[in-house]
Amino acid sequence: MSHVGVPLSGNTGMNPHFFLLGGTVTAERLSWIEECLKFYFVKINPSNLLHHTKGQDDVFTFLLTGEALYSLHNPAIVRIWEILLALPSVTILCDRQELMLRGISIEGLKMKNPDQVIDHNRLGISGKPSFWNDVARIARQHEQPVPSTIGYLLLSSPYMHRSSLAAVQCLNAALEAHASVELYAYLDGIHCGHTGQKPTEFENIGEGLEEISEKAARRGLSCQMIACNRCATARGYSTWDDGQGQVISACTIRPFRIRNMNEIIERFAKNHLILGEDIASIQIKKGAQESSFPLQESGRVPPLTIFISRTPYGTETAFGGLSLAVACAAQGIPTRVIFIEDGVYVIAGTHVVEENSRIFNLQEIIDATAGSSNLQFFIFIPSLHQRGIAKNPKMTAVLDIGVPELGQLLFSPHEETQAGHQRILFF
Amino acid sequence: MEKNEETIPDFSNLTCTNLMIRLKMILKKTHPDDAVEFYVRRDQRDTIEVPFSRSGYNVKIQKADSDRYRISLKKKPGKEEG
């Protein structure tokens, strides 16, 4: 089972646009992605449609693992995949182990698109094939700074969510690719760092993270695992706080450091790739000449787009995305928040929070932070229509967008950015 | 800083991001001629001082205790928030 190459642009230093999807891929999500890619090929890069310049830099790679693989099995969603595969330079790379675990066959799609649907994974140093070796290879090539770093934003708890295992596998593969690694534990991702984990029917995530830290040290690579102070304190991890950002916990594994959110944002201000359960990276074409010191320049901070795709209040997810966006913008990172899919409920109706309640009214947060430097809010109108709901007319700070505008936001570079890629995170 | 001590909120239990969000929400509802006062920790003071000074607010800081600061934010005349 040798590796079948992902069509990267090899030694040119250019990288493909890619989506790394591990959560459920609905027909709705894949449809708007498909519409945006059509927009890209028709409006932004029509030459690719005419000449099918495969193997060059305008390649879209879909890296599918976990629950996202079921989208290759669902006939309604497979139809959308087939439309995507008919576009130039679109490739799907599957996590074979996770396909086999779920008993999902993709033979039909593979037979129709043999060069574009790949389910054989790259061999690692251990001699075993792993999807994450392919992901690390793509991430490692990003802008090729030396030393290279790969980050992972972890939002889910272990054992309830298999995605915590993906984080461990991803960081292990990154080390094998000789990259330094960084883990950012946020929301329920905090629980992955609890000490004394003893699962009997699942890989031990806590031990896995400790082994990553030790392996990095042995290889002379850097390893940072930073947990958000707000999330850790809420969950009972912060047992001593010196009031100056230093928090010590009696119940976290050794490599975990609980720190002010700003310390995580400082890492976001570097230009390495940040992976996660559902993320994307969109290459930004460079007009100006490249710098020899890409890590040091403030203009090269990758802009951030956060898709808020979940309903508010039922989980911390929507608030977590919004809070991260506000924090990033305050630290100078150009940040866009797009309310899409069920995330449009954040902007629908008038939310009323009781006066003495401790929870934030998300609409008030948006209203209060709109107009801040580096922060923009958008709502995807087709998601509203699909749900038969209307936008709260008072939320004027949130701009209405459709497919063309979403395509522009994703594929047209932010003004004045010198960054090589745009980070996209799904909440 | 003429307000009654007891009516001044203590935000020292908020994280820096949530403090910033909370302050923006309060400032939005406050008349531009009025000052917003509150107590914070030292690390929170550092987070507030520069961003709010840059975005059109006069920031007054008074040390109340070793790790407790009384802050006053008031919009600079004729300034829009950046």
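Which residue of E3(B) does Asn58(B) stand opposite? In this predicted model, whose local features need pLDDT of at least 70, whose side-chain atom pairs count only at pLDDT 80 or more, and whose totals for chains, interfaces and linings use all residues, the residue opposite Asn58(B) is Lys74(B). Residues are numbered from 1 along each chain as its sequence is written, while chains are lettered from A and ligands numbered from 1 in the order in which they are written.

The three strands form an open sheet with antiparallel pairing in the order E1-E3-E2 (chain B), where two strands pair if DSSP finds at least two bridges between them. Strands E1 (36-40) and E2 (57-65) of chain B are the edges, each with a single partner strand, so one side of each lacks a neighbour in the sheet. On average, neighbouring strands of this sheet are turned by 20° against each other, direction ignored. Eight bridges join E2(B) to E3 (residues 68-75) of chain B.

| Helix of chain B | Strands touched | Angle |
|---|---|---|
| H1 (residues 16-29) | E1 and E3 of chain B | about 165° with E1(B) |
| H2 (residues 42-54) | E1, E2 and E3 of chain B | about 165° with E2(B) |

Note on methods: Helices (H or I, at least four residues) and strands (E, at least two) are DSSP runs, numbered from the N terminus. Axes are lines fitted to C-alpha atoms, for helices over the stretch in contact, and angles run from 0 to 180 degrees between N-to-C directions. Two residues are in contact if their C-beta atoms, placed from the backbone, lie within 7 Å.
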